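Here is a short walk through one protein model, written for someone meeting it for the first time. Have a look at the structure, then read on.

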Amino acid sequence: MEAVVKSLRKLEGDDSSKPHTLQALELFVSMHPSPKTLTVHAHFLERLVPSKDHRQRIPTPVPISKSPSLCLQGFQLALKNEDLPSLLLASLLVLNLNRDVVTFKQPFTWETMHLQLAKKLLDAIPQTNDTNNSLGRSLVWHHMSDAVTHLHRGVSYVRDPAFAEIAERDWHLIAMKWFKMGLYKAVVDWCSVLSPHFPKCYLLLGLAHQKLLEWAKAVNAWEIGVSHGHVALDKFTQLLFNVTPSIGCRSLQSSAMEPHHADIAPLIAHQVESVWLVQCRKQQCSDSAVSTLKYGLALWEIVDRSSFRRRKAVALAEYFTERNPQALMDTYHTLIQGCPCSRDKWVLLVEQHLVARYACLPLQYFDAVEALYLIWKDYDQPDVVLQAGATLLGVTDLYVTAHDALNSGDYVLAESRWKQLCKESYQHAYALGLHECLVEPDDPSKMYLQLVHLDEFHAFATVLYNLQHLAKVYMATSRNKALLYLQYLQNLTKKLDMLPASRQISCLSIEFALNQGLLGEADAELSQLRANPVNESYHLKQSCFEDILHGDVHTLARTVSLATHAYKKAKTKSVPMYPKFQDILALVYRKLALNMPDPVLASQKATKLSLTRVDSRLAMQTLSHALRRRRTREALSQSMHSLQEAYGLFAETKRSIHHHPFCIEYVLTCLESLKYIEDPAMHVQIQWRMSWLLSGMPSSASGIVHDTTSFQKRWTSSAVPSDWNVLVLKKCNDSDLIVHRIQVSPLALRMPMQVAQDDAMVGRTMGRALDTLSGHTAEEAATWTSSQKKQWWKQRVHLDGQLKLLVGKALVKEGLKFCGVPWTSQSLPRLSATMAVPPGLTLLSTNLHGFPWEGLFPPGFPVSRLHSMAPLFDGVSWSVSRQSVHYIVNPGGDLLNTATFLHPILTRGRTEWQWSTCDDPSDAAAIFAKDVFLYCGHGSGERYIGRQVVEHLTKCPVALLMGCSSARLTPFGLYEPEGMLASYLEAKSPAVVGMLWDVTDRDLDRLSLALLETWFNTDASLCQALANARDECKLPCLNGLAAVCYGLPVVVKPGL
């Protein structure tokens, strides 16, 4: 033994330790008498020391002649190394120590030696080959078994205080290592021996049984673990959810689990309500979902037989499977009578009425807030006062950032934040399966609305709340998106008129209709809403909102007295609730100021009471209007100050419906102020300020003075020729028109004219013209008799003359002449011989886009319309290549004459200028890859290429839309007009040519051919070519004036 220990000491600090380890091992096994070995040792020795002959196993121990202290020294030295020969030597040393002779001061030293060696062997096993791996596990098991043999000596041994320490440090750790290695059978064998003495191992024992799919044994192991406090109840309950019903129910019925029933009941209740009931609803009561739900209810019944929640869950389960709403109504009635919780009772009442509404069962009208108030009083809470105007199902989180962005006019940030909130609430709602319970009631394949528990009410309310505010953002910025979200909200709450959220959504829809100018639709919806009035004791604020909407309807209908009465009614209700209803009072005073003889005082109150920046800006705008009506120097000065302060409140990050009225009010105030300003420099400054306000460009946060100065610098340094007549025509009311010219020095005036009547007459004339067309093409007209043709032409010539007279009556000609724009051939400006005739660019107001302004100018005078002045500064190319054209002609196949008439120019384009075409008229990639897109067919081509496709183009070409009404824009009140033309302008097309109304195909063919030949063969701009092409029409007013050009005076590059 001395030689063995000496060899082991050479290992310290020696890199070549393996030879010394083998040498020590050979010396030990060659001792006489031979040391005791096991079969597994013999197999290892055959592989490590094959030259030696070793006995397999000695049945009786052979004492070592020297002191056992040498064996202990050798064991400690061998354990320091982690190679297999050292661990094998340590195993032999422990095996040959005589436990009857050797004693230790520290308890459990023998067990510790065995377990330390077992842990070292476990770490070394993965580093060996497959055979050594198997032999190593056998050796580990021998040492672990030897370590636990003394556990059977008596209870006193287990109760030793040091036992828990060694079990935690070594025995449980070894079991964990085996579990991580996937040796689940070994874990079961080891923990089965250890668990009765160390209960913490029941957790691992149950996990190992689960891995081996031995569910009954796993449940039994964890039952004991729960009793000893080493297995958490939630883990045990989750195990019960995954086993068969017989195993789970038997386990809960055992005497060991009875003390834990009260703690297990909430866990099972949550699983049944939040998971299995929802899953059953989402999967439309599939067999697996129903069986799982029944198992959960059986578990719940064992642990809490008399639970109110369980009885409600049973009723819902029967409702889901049997689809009998009347039975559910009866069950709910019984539950409501004995409900111990006021909150649960209110939820049951709401659910009962929701089911009745969706199932079309007769039930008296129900007010959810009133019911909640009465329930509180029934449950000994008489001091609880429900605030008047309280809203049901409100969310606790106020979404501060999203609200601030909306209230301050930062619509880009508001849209982003409310979209994110909607996404999060939708994820929660979908997780609960709410998208499956909100269905049409007449669909027999699905169930009616049923919200399972209170969390679903909160989720449903959160979805509605977020969608409402996102709809408010779009109501201020985008008509189409607002319409989409409001329709979706109305579908969600179609049958939920008992919830205040439903009335709030209806009010939003009415406000949206008023913003579009749809008086009839708004009045009908409001009448339907007010047919079932709210209880003002619980919905006072909602009642005030509805009164204000009633006044708005009368304001739009111009019944001032009725509007004032409705506003005052809302004011009477709101004043006693101040300051809680401060926002309502601010809105009421602002509305009243619009209809009062002297609105200054009401406007000042509205400004003082406004809580948000948007409301403050609108109130200041109203105050400015009121002061301007006094027409005094002092009042106008205050009006200008109010508008300047309102302008600086915020800069809209996205154009809203409030922008255009604000700019018009500012311009009118500037025009009135010019009467009292004598300083010429101040005159010029005010004129430039009006130019900026009418430019249609986005503002900044630096104030009106900075924006005006910046615009003036950009204009003077731009490439816009100084002799261009850039005009702005803005309709400010039914009888006045703002005419503004921007050249070297801007000039503006306000003129009285009957624009509304003239525009209406144009509409009626176009309507009669459309009646004469009746959808007839040239091919169809070829079959007419001579008398039919004469009668048709007589009507068309008469309408052409009427339109000519109508345009000739327009008093705006005087205003154009005052601004230096010629409107007769004798008054054309004298130009040098080297200068081309300049175009007159007209920036049209959106509510006057349908008037043929081009008829006010001399024949052949170039006019191009601009939607805003931004294209003049955006750096958009003003020239195109004639070799970059894509055309689509007669895609419907029914305009054969058009294809024949344009064949020569199209053939030349393909052969000489490499024009392209394709068979698929919806191939957007090919169409918009060129500089110019030519469309000749019906309409604007929207049936082939939608507006959404055009609006999202990164590069939009010049568009020649030679079809009926291809440039028609449909007005929608305060919102921007819509049409295919607006989509091209939104995509920043350099220029768009189209028709304001329907025209005859022959005249349109002649105009199209003349336009293409002039534009592509000369140096004329697009608007100049269009002005010349109008002369080719047989009906120059009825058909020629229908063709308009929007955008820049684009020219074709010479030589290309």
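Does Ser603 count as buried or exposed, and why? Ser603 counts as buried because its relative accessibility is 1%, where buried means under 20% relative accessible area, exposed over 50% and partly exposed in between, with a 1.4 Å probe and protein chains only. Ser603 sits in helix α31, residues 600-609. Helices here are DSSP runs (H or I, at least four residues), strands are runs of E with at least two, and both are numbered from the N terminus. Setting aside neighbours within four places in sequence, Ser603 touches Ala593, Ala619, Thr622, Leu623 and Ala626, a contact being heavy atoms within 4.5 Å.

A word on the ground rules. This is a predicted model, so local features need pLDDT of at least 70 and side-chain atom pairs count only at pLDDT 80 or more, while totals for chains, interfaces and linings use all residues. Residues are numbered from 1 along each chain as its sequence is written, and side-chain values use heavy atoms, with hydrogens and water left out.

A cavity is a set of points on a 1 Å grid over the protein atoms alone where a 1.4 Å probe fits but cannot get out, and lining residues have an atom within 4 Å of a point. Points are joined across faces, edges and corners, and a volume is the space filled by probe spheres set on them. By this rule there are seven cavities of 30 Å³ or more. For the linings, Ala, Val, Leu, Ile, Met, Phe, Trp, Tyr, Cys and Pro count as nonpolar, Asp, Glu, Lys and Arg as charged, and the others, Gly among them, as polar.

| Cavity | Volume | Lining residues by type |
|---|---|---|
| Largest cavity | About 80 Å³ | six nonpolar, three polar, one charged |
| Second largest cavity | About 50 Å³ | nine nonpolar, two polar, no charged |

Around the largest cavity you'll find, among others, Arg617, Tyr647, His659 and Trp692. Helix α34 (659-673) gives the most to this lining, with three residues.

The second largest cavity has Ile888, Phe933 and Tyr984 among its lining residues. β8 (932-936) and α45 (980-986) each give two or more residues to that lining.

Ile888 also belongs to strand β7 (residues 885-889). Both faces of β7 are covered: Val885, Tyr887 and Val889 are buried on one side, His886 and Ile888 on the other. Five bridges join β7 to β8, and the two run parallel; strands pair if DSSP finds at least two bridges between them. His886 has Phe933 as its bridge partner in β8.

Key: On a 1 Å grid over the protein atoms alone, a cavity is a set of points where a 1.4 Å probe fits but cannot get out, and a pocket is an open set with protein on both sides within 12 Å along at least five of seven lines; lining residues have an atom within 4 Å of a point.
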